[in-house]
Amino acid sequence: MRIVIAGGHGQIALRLERLLAARGDEVAGIIRRAEQAGDLRQAGAEPLVCDLESASVEDVAGLLTGADAAVFAAGAGPGSTAGRKDTVDRGAAVLFADAAERAGVRRYIVVSSMGADPAHQGDDIFDVYLRAKGEADASVRSRSGLDWTILRPGMLTDDAGTGLVRLEASTGRGPVPRDDVAAVLAELVETPATAGLTLELVSGSAPVSVAVKSVAGN
């Protein structure tokens, strides 16, 4: 498969690129800064330089042409302003979905956040973030042209992955290593039977492949 990842230099994305490249997939990561290209190549991914905050739908669709799947893993990141929560966490996510539809890429995975909700209340920066992610998720869910799956991990950690997770429509809050998030994403990419599902993810007791197969059967 050819898989294009938005936010290709992110911590989850780099892990995902390594996993996909190791299993023989062709991987490309969209990055904002050219100096990040070496890290992607080291992970086995082709770097595609494009600023999703200023690119057009046509620009991004051109990068997605010929892909079998698209993964949105971009984010404004910690310390970013409320404005960038809107332009990246919401705006870039909607743009990437528009571009996937334009390019005819049906399989579409979103890395969202537990608690994302367009109606989330509050004025703190994290509240703004959860609203932005919720609005982006709602936009994706409304599209008949995408076979989408939305993944909402719990609190992300840099602990070594265990390969054991809990993946359900509602898990309750909990931590999950970024390693395991990437492993679940790699499995979801090639499990189209999970299309139409919004899934929460925390550490648990089920091997990743078993957890994904289980929700795919529901």
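**Questions about a predicted fold**

Colleague: Which helix does Val189 lie in?
Modeller: Helices are DSSP runs of H or I with at least four residues, strands are runs of E with at least two, and both are numbered from the N terminus. Under that naming, Val189 lies in helix α6.

Colleague: Before we go on, what pLDDT do side-chain atom pairs need in order to count?
Modeller: Residues are numbered from 1 along each chain as its sequence is written, and side-chain values use heavy atoms, with hydrogens and water left out. This is a predicted model, where totals for chains, interfaces and linings use all residues, local features need pLDDT of at least 70, and side-chain atom pairs count only at pLDDT 80 or more.

Colleague: Thanks! Is Val189 buried or exposed?
Modeller: With a 1.4 Å probe and protein chains only, under 20% relative accessible area means buried, over 50% means exposed, and anything in between is partly exposed. Val189 has a relative accessible area of 2%, so this residue is buried.

Colleague: How far apart are the C-alpha atoms of Val189 and Ala70?
Modeller: A contact means heavy atoms within 4.5 Å. Apart from neighbours within four places in sequence, Val189 has contacts that include Met1, Ile3, Ala69 and Val71. Along the chain, Val189 and Ala70 are 119 residues apart, yet their C-alpha atoms are separated by 8.4 Å.

Colleague: Why does Gly29 count as buried?
Modeller: Gly29 is found in strand β2, residues 26-31. Not counting residues up to four places away in sequence, Gly29 touches Ile5, Gly8, Glu17, Leu40, Ala45, Glu46, Pro47 and Leu48. It counts as buried because its relative accessibility is 0%.

Colleague: What is the relative accessible area of Asp39?
Modeller: Asp39 lies in helix α2, residues 37-43. Asp39 is partly exposed, with a value of 35%.

Colleague: Stepping back, what radius of gyration does the chain have?
Modeller: The radius is taken over C-alpha atoms, and the globule rule is 2.2 Å times the number of residues to the power 0.38. For 218 residues, a compact globule would come near 17 Å, and the chain agrees with that, having 16 Å.

Colleague: Lastly, how many strands does the chain have?
Modeller: Of the 218 residues, 52% count as buried. Among contacts between residues at least 6 apart in sequence, 67% join residues at least 24 apart. The secondary structure comes to 7 helices and, for your strands, 11.
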